[in-house]
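Me: I have a model open and would like to talk through the terms used for it. Could you go through them with me?

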Amino acid sequence: MRIHPAPCSPEAQGRIAAGTAPGAAPLLAAAALSILLTSCVPDPASSAPAAFDLKPPALVEAGPEGATSFVLRFDEEVKPVDGSFAVDPGGSARASADGGDLRVELPERQVPGKRYSLVGDVRDGGGNASRVILAFSGYNDHPAGMRISEVQTAKNSSTARPHRDFVEFEVVSAGNLGGMELSVSSTVKTLSWRFPGVEVAKGDFVVLHCAPEGMAAEIDETGTDLLASGGIDASPSRDLWSKAGGIPDATGLLVLRQSPGGKPLDVLFYCDGSKKGELGEGGIGDLIGEALDFDLWKAAGTPSWEDAFLWKPSVSRSIIRIPTGGGPGATEWGLSAASGQSPGLAN
Ligand SMILES: [Ca+2]
Ligand SMILES: [Ca+2]
């Protein structure tokens with residue numbers, strides 16, 4: 001059995017259920033996914049005093065197993081409480097256990113990238129109960145291939161040629177974007193944004209606008225009308241608008257992932273040319289380490305700021321991919337001509 005744990009995003013743990021019994025045990029955190037459980041004291045009638053098992057089952061891993069099933073892995077053998085499992089949207093769901101693995105058959109196929117919540121109760125052999133409440137992103141069974149093609153990192157206030165932060169992606173293989181995630185890291189924090197379930201074709205461009213102005217015309221083009229959106233940098237291609245936060249102006253790291261916290265697909269690491277020295281651990285240093293492991297970036301030795309695409313930050317030029325640059329890594333990136341930004345169009 002293969003579980004795909006990543007679509008349960010760390011920020012999407014869902015509500016925490018209130019313990020219903022007096023003396024309810026403290027909340028337990030399942031480390032892998034930060035999914036929160038509550039536990040209840042055992043029903044006296046079903047307690048097993050001989051075993052003195054007072055510890056409720058703890059969730060250690062969870063994720064879609066495919067388009068119609070979801071697996072929860074506990075740290076001990078469990079049984080589902082009859083009729084307690086349900087998914088929203090969808091309704092009641094059938095659950096069956098095999099040791100510590102509990103499989104929930106969803107009432108309908110998941111829509112890629114759609115937000116779901118799951119609730120249900122399990123008991124261990126001693127009668128200790130746990131309630132699971134979690135949120136997850138609908139399983140994407142035909143993910144698109146996509147890569148970053150252009151990035152405008154900062155606001156250009158020009159009246160004639162205004163631009164705001166955007167990331168342009170090129171679709172390299174057809175599929176669905178649902179659940180894919182872009183994370184944007186500065187030297188101090190990481191923001192992330194998740195793609196909606198949208199079917200795309202090879203050669204399409206998708207523009208994610210990262211500094212919207214709050215205009216009504218800034219419409220997410222999730223359907224077939226690719227001219228629905230207005231706003232600065234709106235393009236003839238598919239425009240999507242993120243409220244997660246802007247792109248670091250001078251130095252930053254963009255990571256495109258298959259699913260929230262999942263496999264990285266593409267990386268752009270750019271740095272103000274005046275920055276020197278080793279990256280160290282944590283933050284961008286850790287993310288570049290991961291990019292090296294997946295052969296998505298290159299470092300000359302111990303990863304340093306000098307391994308980035310080095311530039312003199314500019315609001316009048318975008319960072320563009322140069323497919324012939326011999327990447328992965330900094331050599332695959334360059335700058336547009338002055339005022340040569342081309343959101344939604346080939347560079
Ligand atoms: Ca458009
Ligand atoms: Ca472009």
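**Terms and the values behind them**

Reply: Happy to. Of the 347 residues of the protein chain, 41% count as buried. This is a predicted model, and its protein chain has 1 helix and 24 strands.

Me: What makes a residue of H1 count as buried, and which residues are they?

Reply: The cut-off is 20 or more other C-beta atoms within 10 Å of the residue's own. In helix H1 (residues 283-293), Ile284, Leu287, Ile288 and Ala291 are buried, so each of these four meets that cut-off.

Me: How do you know on which side of H1 they lie?

Reply: Their arc around the axis is only 100 degrees, which puts them on the same side of H1.

Me: What do the buried residues of H1 pack against?

Reply: Their partners are strand E15 (181-185), strand E20 (252-257) and strand E21 (264-272). Contact here requires C-beta atoms within 7 Å.

Me: Why are E10 and E11 called paired strands?

Reply: Pairing takes at least two bridges. E10 and strand E11 (residues 129-137) have 9 bridges in the antiparallel sense, so they pass. Within that pairing, Gly120 stands opposite Val132 in E11. The hairpin of these strands has 5 residues between them, and Gly127 takes a positive phi near 90 degrees there.

Me: How do you know that E5 also pairs with E10?

Reply: The same test applies, with at least two bridges needed. Strand E5 (residues 79-80) is joined to strand E10 (residues 115-123) by 2 bridges, so E5 meets the requirement, and the two run antiparallel. Pro80 stands opposite Val122 in E10.

Me: What joins E6 to E10?

Reply: Strand E6 (residues 86-88) runs antiparallel to E10, with 3 bridges between them. One residue to look up is Ala86, whose bridge partner in E10 is Val119.

Me: What makes E18 and E19 a pair, and in which sense do they run, parallel or antiparallel?

Reply: They share 4 bridges where at least two are needed, so they count as paired. Strand E18 (residues 205-209) and E19 pair in the parallel sense, and Leu208 stands opposite Leu240 in E19.

Me: Why do E3 and E8 stand at the edges of their sheet?

Reply: Their open sheet has 4 strands in the order E3-E4-E9-E8, with antiparallel pairing. Strand E3 (59-64) and strand E8 (94-98) each have a single partner strand, so one side of each lacks a neighbour in the sheet. Neighbouring strands of this sheet are turned by 15 degrees against each other on average, direction ignored.

Me: How many bridges join E8 to E9?

Reply: There are 5 bridges from E8 to strand E9 (residues 101-105), and the two strands run antiparallel. In E9, Glu105 is the bridge partner of Arg94.

Conventions: Residues numbered from 1 in each chain as written. Chains lettered and ligands numbered in written order. Predicted model: local features only at pLDDT ≥ 70, side-chain atom pairs only at ≥ 80, totals over all residues. Buried ≥ 20, exposed ≤ 12 C-beta atoms within 10 Å, placed from the backbone. Arc of directions from axis to C-beta. Contact = placed C-beta atoms within 7 Å. Axes fitted to C-alpha atoms, helices over the stretch in contact; angles between N-to-C directions.
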